[in-house]
Amino acid sequence: MSTLRVDSIQDTAGTDNQGKIIQVTYDSTARPKFSAAVSTLTDTGFEVSITPKFANSKIKIDFAASVLSSAHYVAMDIYRNGTTGLSGDSANGLTGSVAYYTAFWQNVSMFIIDSPNTTSTVTYNIFAKTYSGTVTIGGAGVGASSTVYPNCVSLSATEIAQ
Amino acid sequence: MINLDGVADKVDAIVSLRPDSQWAMRGDVLEWLDTEQIQPTDAEIDAEVIRLQAEYDAKQYARDRATAYPSIQEQLDMQYWDSVNGTTTWKDAIAAVKTENPKP
C-alpha cells in the first residue's frame, strides 16, 4: 500500500481549488463576558485565529452573539490583528442599530470576507462601541457568570481558496 | 437602575456611580477609559451593588401591586357602578391589593 500526497490537484487552467474550503477554525475558548460604556470601537476580547495555507486565500469571518444594550445604538466591527477595522467605517462598524431604547437580549450576527494576503497566523477581533448607555456581549442564559461560553458567542474563520 | 433580571451587578453600579463615563469590562476586569471622571474603587462598586439591590428589592411591593390591580377598564367600570349604586367596589378592590402587598 502506498500514499500519494500533493498540495493540490488542478485542472489545466489551474482553477480547480477556487471556492473550496481549505480549513475552518472556531473559537472554543470560554472568554470573559464583555460590558462597556465606550464611544470608540474597543476590543471586546472575543477573537479567532487562522493560519492561511495560501496567501491569496479569502478568509470569511462569522460572528454571532447575544447582545444587550441598555439605552441606545451599539456598533460592532471585526478587526484584523487588533488594528484594522474590516468594515472601513470606524464610526459605525459592520453593524449599526443593534438596539434602540430597548433592554432585551438580541441576537447579533455579522460576517465579512477578508484578504489578509499572508500565510502567517491572522487573528480576528470583535470590537464594539455604544452611542449611550452600556453594551454587554454574551452572557444571556448564564446568569451572573462573568465567563461566556462558546454557545453564547460563536466566532469562526473559514479559509476559501481562490 | 438595575437592568432586566432584577440582580444588581458591577455594570449597574458603575453606571450609577459615574454616569456617562467611558469604560470597558472583560469579565470582572475593569478598564477605565474616561479622562474626566475618576475610576471608582472596588469597594465603592461593591457598596453600590448592595445599595442598588436593596433599593430595587424595597420597591418589590410596588411592582407586585402594579400587576395585581384590576385593568383600567375594569376600574372605570367599577367606579361607574359604584356611582350608580352607591357601593364601594372600586375602593375595596384597590384597598385589597394594597393590603395584600404592604409597603415595607
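1. Let's start with Trp81(B): this residue is partly exposed, with a relative accessible area of 42%. On this scale, buried means under 20% relative accessible area, exposed over 50%, and partly exposed in between (1.4 Å probe, protein chains only).

2. A quick word on ground rules. This is a predicted model, where local features need pLDDT of at least 70 and side-chain atom pairs count only at pLDDT 80 or more, while totals for chains, interfaces and linings use all residues; side-chain values use heavy atoms, with hydrogens and water left out. Residues are numbered from 1 along each chain as its sequence is written, and chains are lettered from A and ligands numbered from 1 in the order in which they are written.

3. How many aromatic pairs does a search of the whole structure find? Over all chains there are two. Rings of Phe, Tyr and Trp (its six-membered ring) pair if their centres lie within 6.5 Å; planes under 30 degrees apart count as stacked, over 60 as edge-to-face and the rest as tilted. In chain A, Tyr79(A) and Phe127(A) are stacked, 3.8 Å centre to centre with 10° between the planes. That pair ties together distant parts of the chain: Tyr79(A) belongs to strand S6 (residues 74-80) and Phe127(A) to strand S9 (residues 122-130), 48 residues apart. Both Tyr79(A) and Phe127(A) are buried. The other pair is Tyr80(B) with Trp81(B), which is edge-to-face, at 4.9 Å centre to centre and 75° between the planes.

4. Now for charges sitting over rings. The test is that NZ of Lys or CZ of Arg is within 6 Å of the ring centre and within 35 degrees of the ring normal. Lys60(A) lies over the face of Phe111(A), 4.7 Å from the ring centre. In chain B, Arg63(B) does this over Tyr56(B), at 3.6 Å from the ring centre.

5. Chain A has zero helices and 12 strands. Helices (H or I, at least four residues) and strands (E, at least two) are DSSP runs, numbered from the N terminus. Of the 162 residues in chain A, 43% are buried. Take the contacts (heavy atoms within 4.5 Å) in chain A between residues at least 6 apart in sequence: 81% of them join residues at least 24 apart.

6. Look next at one open sheet of chain A, whose four strands come in the order S4-S9-S6-S7 with antiparallel pairing. Which strands stand at the edges? They are S4 (42-50) and S7 (84-85), each with a single partner strand, so one side of each has no neighbour in the sheet. Two strands count as paired if DSSP finds at least two bridges between them. As background, strands of a sheet pair through backbone hydrogen bonds, either parallel or antiparallel.

7. Six of its seven residues are buried, so S6(A) is largely enclosed by the rest of the structure. S6(A) pairs with S9(A) in the antiparallel sense over six bridges, and two bridges join S6(A) to S7(A), also antiparallel. Tyr79(A) stands opposite Asn125(A) in S9(A), and its bridge partner in S7(A) is Gly85(A). Arg80(A) has Thr84(A) as its bridge partner in S7(A). S6(A) and S7(A) make a hairpin with three residues between them, and Asn81(A) in the turn has a positive phi of about 55°.

8. Over in chain B, helix H2 (residues 42-58) and helix H3 (residues 60-68) pack at an angle of about 35°, with their axes 4 Å apart. Axes here are lines fitted to C-alpha atoms, for helices over the stretch in contact, and angles run from 0 to 180 degrees between N-to-C directions. The contact is made by Tyr56(B), Asp57(B) and Ala58(B) of H2(B) and Gln60(B), Tyr61(B) and Arg63(B) of H3(B).

9. Pro19(B) lies in the loop between helix H1 (10-17) and strand S1 (23-26) of chain B, and leaving aside its neighbours within four places in sequence, Pro19(B) is in contact with Ile14(B) and Gln37(B). Ser2(A), in the segment before strand S1 (21-26) of chain A, is exposed, with a relative accessible area of 69%.
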